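Good morning, colleagues. I would like to take you through a few packing details, beginning with a term that we shall need. Please look at the display before I continue.

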Amino acid sequence: MRRERVDRLLLGLAAAVLAFVFAAVITSVVLVVSGHNPLHVLEQMASYGTSANSEATIVNNATTYYLSAIAVAIGFRMNLFNIGVDGQYRLAAILSAAVGGSWALPTGLRQAAVILTAALVGALWAGIAGLLKVTRGVSEVISTIMLNYIATGVVAYLLTPKLLAVTSAGSNNIGTKPIPPSGQVGGFSLIPGADTQVYGLVLLAVAVGVGFHVLVNRTRFGFDLRATGRSSSAALASGVDVRRMVLTSMVLSGAVAGLVGMPNLLGESHTYSLDFPSGLGFTGIAIALLGRNNPVGIAFGALLWAFLDQSALILDINGVPKEIVQITQGTVVLSVVVAYELVRRLDLVRQQRRVAAQLSSRPGVPAEVAA
């Protein structure tokens, strides 16, 4: 059993290395065709991306990416495609920002109220898709995409001076009432020499990752979740309430999605305004695929994604299109998916051969059965 685990670990590492080598080759070819030296470009990206301030920014961006990817991964474990993380976190962010800027609560309680509001709003919004699936059989892909559009309209409606928005002093931007210092979460000077602090809510992301691991791998609910994801009919035959699992998974996924905007809201912007980060839900889908729905793999995927985003900033200055990085990100995800599928098939053939060898060594087993 131990040898089998080691072999699988080595195959997994080989798949990741193969994918990144393939992505590097594709990116290099694109750079050569566009008239740039790949080694010089990579050197620029590595130099800029490993500066102290860049490292702090990478950790901050990776924190939000990580939460988004975990929200997606919860659905993936159930074969559910929660495409609506983007709408869930933006709706949660604006309503929780309004709560934080309006309610007068003591330090500690105000932060808790904001975070709980965000998780509750995200859970309720995702729960609509789950309810439609278990009661009317509506595909969660269609319903979450439509809910994204509805959320965009609702956020635009709420972010008006007649409702939740106020004009930002000294600019044309509008946003919710700023959260006072008693409701903010300070950062850490985690990177030596960096002027930028790391979000304090990076600890929240770590807690969510640990909770996800424990829930999926150490609880009865996690066992039912994985069983239903592999075969809903087999899970139903063994006594699992599949409808309840679908609804619960969507609600949990939405609750985590609601937290995506919290590190930025409580640690930096302190208000939901027109320039609040968007598109994080779709980035989470790519990172969940990159990390194979594993909390540790997702962490590395989020850091890699954030590094590529940050290091791309230097490319424009030096006359290299920063879209090169988007090609790299897309190629990495595609390569990882293909490489892991190849490794899965290789592992399956290896297991079949091992079982056949064990059967052939037993006396009385017909040759055709062993083969």
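A residue is called buried when its relative accessible area is under 20%, and exposed when that value is over 50%, with partly exposed in between. Please keep in mind that this is a predicted model.

By that cut-off, Phe76 is buried, because its relative accessibility is 13%. Phe81, at 39% relative accessibility, counts as partly exposed. Searching the whole structure gives two aromatic pairs. In the pair of Phe76 and Phe81, the ring centres are 5.3 Å apart and the planes stand at 70 degrees, so this pair is edge-to-face.

I turn now to the helices. Helix H3, residues 52-76, packs against helix H13, residues 295-311, with 7 Å between the axes and an angle of about 135 degrees. H3 and H13 are therefore oblique to each other, and their crossing is right-handed. Among the contributors to this contact are Tyr65, Tyr66 and Ile70 of H3, together with Trp305, Phe307 and Asp309 of H13. By class, the contact of H3 with H13 comprises 15 nonpolar, four polar and one charged residues.

What is the angle at which H13 packs with helix H15? The angle is about 160 degrees, and the axes of H13 and H15 (residues 323-360) are 9 Å apart. H13 is thus roughly antiparallel to H15, and the crossing of H13 and H15 is right-handed. Leu304, Trp305, Leu308 and Asp309 of H13 meet Val325, Thr328, Gln329, Val332 and Val333 of H15. Here the classes are six nonpolar, two polar and one charged residues.

Conventions
Residues numbered from 1 in each chain as written. Predicted model: local features only at pLDDT ≥ 70, side-chain atom pairs only at ≥ 80, totals over all residues. Heavy atoms only, no water. Phe/Tyr/Trp six-rings, centres within 6.5 Å; stacked < 30°, edge-to-face > 60°. Buried < 20%, exposed > 50% of the residue type's maximum accessible area, 1.4 Å probe, protein only. Axes fitted to C-alpha atoms, helices over the stretch in contact; angles between N-to-C directions. Helix = DSSP H or I, 4+ residues; strand = E, 2+ residues; numbered from the N terminus. Parallel < 35°, antiparallel > 145°, perpendicular 65-115°, else oblique. Left-handed = near helix turned anticlockwise from the far one by under 90°. Contact = heavy atoms within 4.5 Å. Nonpolar A, V, L, I, M, F, W, Y, C, P; charged D, E, K, R; others polar.
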